[in-house]
Amino acid sequence: MHLNKRILILTQWFEPEPVLKGMVFARALVERGYEVEVVTGFPNYPVGRLYPGYTMSLIKRERIDGVEVTRLPLYPSHDRSPIRRALTYLTFAASGGVYCLFFAKTPDVVYVYSLPTMGVVASVLKRLRGAPFIYDIQDVWPDSLQATGMMRSKPMVNAIAAVLRWVYRQAGAIVVQSGGFRRTLVERGVPESKVEVIHNWCDEVTLNRPSPANSVQFPVRDGFRILFAGNMGKAQGLDAVIDAAGLAQIRASHIQFVFVGAGLDVDRLKALARDRSLRNVVFLPRVEMDQVGALLADADALLVHLRPDPLFTITIPSKIQAYLAMGKPILIAVPGDATSLVREAGCGIEAASGDPESIASAAIQLASLRPAELADMGRRARDYYRTQLAIDVGVTKFVAAFERVAAAHA
């Protein structure tokens with residue numbers, strides 16, 4: 001692909017929302033000479049309310065660091081209601097589809113981030129305007145809907161699966177975050193040549209940026225501090241971690257569990273810790289990315305946990321990349337590909353997902369290591385990220401994929 005080719009990024013979520021392939025990705029493409037337009041919604045994730053400074057309208061255009069950002073209306077919601085969640089996806093698919101079909105400049109390649117609804121829009125765009133697309137899958141649908149309890153209707157699950165098979169056929173290439181995702185798609189009939197593993201990265205610049213003066217401070221100064229950062233919902237299954245904290249309070253009271261973030265389960269988890277009189281559990285509110293790095297750096301170890309589910313054995317939670325980049329030991333309680341990555345990096349202690357006894361034992365084992373051993377784990381984490389997962393590594397792979405897809409469609 002030559003310089004000045006146009007890429008349209010189609011994503012329901014974009015900055016200031018927390019998103020993996022957001023401005024960092026778009027800016028990196030601009031720096032490599034591409035014209036980039038991002039078509040996205042008005043920011044409301046993960047709380048389901050519009051961010052301050054935004055008012056819903058038919059269209060809002062911004063230009064940020066050379067990136068054209070076009071915001072379109074949607075129904076903002078992120079609660080437990082499957083109907084309201086579906087309305088969020090479908091309303092943005094409608095507004096995004098109308099804009100892309102009738103008003104957007106025709107791109108050389110469309111990059112679709114994650115949602116099947118965006119895959120449908122891109123498929124229609126390909127058929128009607130001849131724009132090929134790359135589909136980046138962060139969650140395997142409809143499996144993830146079933147795993148999180150958002151979808152129980154078998155006919156609906158089958159219908160979504162059928163739509164996705166059509167989207168996969170239309171895509172010029174499919175990018176997945178793990179080898180397990182790739183195996184799953186191939187087992188479902190997607191040609192191996194169409195599926196490429198490109199691991200996620202993190203926002204390295206923002207994570208390492210000095211925190212604002214009024215930023216949230218790490219609340220615990222003494223003991224061994226284990227931090228969980230990110231969404232707290234059904235998929236994370238953090239009841240087991242609260243139970244593990246109860247065991248640790250008895251056996252190793254110097255271990256502190258700190259949770260920072262938002263999600264549907266936050267209030268319930270707080271009540272659970274309060275009812276059990278856990279003095280070693282602290283909750284912090286969700287903070288912006290430019291404050292997360294300081295919190296991660298201040299912790300002694302970082303926690304990753306997903307509840308036991310076959311789907312999560314092929315999932316690599318996005319927080320792992322940030323944890324590795326910050327050079328911290330990791331307590332990993334996610335079976336499968338995520339644990340394999342941490343094991344390969346040599347930077348963590350493994351625990352069984354959903355098993356409080358195993359999680360507590362792993363926490364105690366980490367807390368018993370000498371400072372030099374913990375520092376070695378952190379160094380190995382940072383080195384692995386730089387050589388295997390950094391944004392420059394990932395963007396180079398994406399650019400090659402864009403070139404292939406554009407050339408095949410020419």
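A residue is called buried when its relative accessible area is under 20%, exposed when it is over 50%, and partly exposed in between. The legends below use these words for a predicted model.

**View 1. Arg-6 and Glu-35 form a salt bridge.** The closest N and O atoms of Arg-6 and Glu-35 are 3.3 Å apart. Arg-6 belongs to strand β1 (residues 6-10) and Glu-35 to strand β2 (residues 35-41), so this pair links distant parts of the chain, 29 residues apart. Is Arg-6 buried or exposed? Arg-6 counts as buried because its relative accessibility is 7%, which is under the 20% limit. Glu-35 has a relative accessibility of 35% and therefore counts as partly exposed.

**View 2. Arg-6 also meets Glu-68 in a salt bridge.** Here the N to O distance is 3.3 Å. Glu-68 lies in strand β4 (residues 67-72) and Arg-6 in strand β1, so the pair ties together parts that are 62 residues apart in sequence. Side chains of opposite charge can pair when their charged atoms come close.

**View 3. Asp-265 forms a salt bridge with Arg-268.** The closest N and O atoms of this pair are 3.0 Å apart. Asp-265 is buried, because its relative accessibility is 7%. Arg-268 has a relative accessible area of 36% and so is partly exposed.

**View 4. Shared partners join salt bridges into one network.** Which residues make up this network? They are Arg-6, Glu-35, Glu-37 and Glu-68. For the model, the count of salt bridges comes to 19.

**View 5. Tyr-75, Ile-83 and Leu-87 make a nonpolar surface patch.** The area of the patch is about 290 Å². Ile-83 is placed in helix α2 (residues 82-102). With a relative accessibility of 63%, Ile-83 counts as exposed, because the limit for that word is over 50%.

**View 6. Helix α2 has buried residues that are covered by other elements.** The buried residues of α2 include Arg-85, Thr-88, Tyr-89, Phe-92 and Cys-100. Among the elements that cover the buried residues are strands β1, β2, β3 (60-64) and β4, together with helix α3 (116-129).

How values were computed. Residues numbered from 1 in each chain as written. Predicted model: local features only at pLDDT ≥ 70, side-chain atom pairs only at ≥ 80, totals over all residues. Heavy atoms only, no water. Salt bridge = Lys/Arg side-chain N within 4 Å of Asp/Glu carboxyl O. Helix = DSSP H or I, 4+ residues; strand = E, 2+ residues; numbered from the N terminus. Buried < 20%, exposed > 50% of the residue type's maximum accessible area, 1.4 Å probe, protein only. Patch = residues over 30% accessible without salt bridge, like charges linked within 9 Å, V, L, I, M, F, W, Y side chains within 5 Å. Areas by Shrake-Rupley, 256 points an atom, 1.4 Å probe, with all protein chains shown as cover. Contact = heavy atoms within 4.5 Å.
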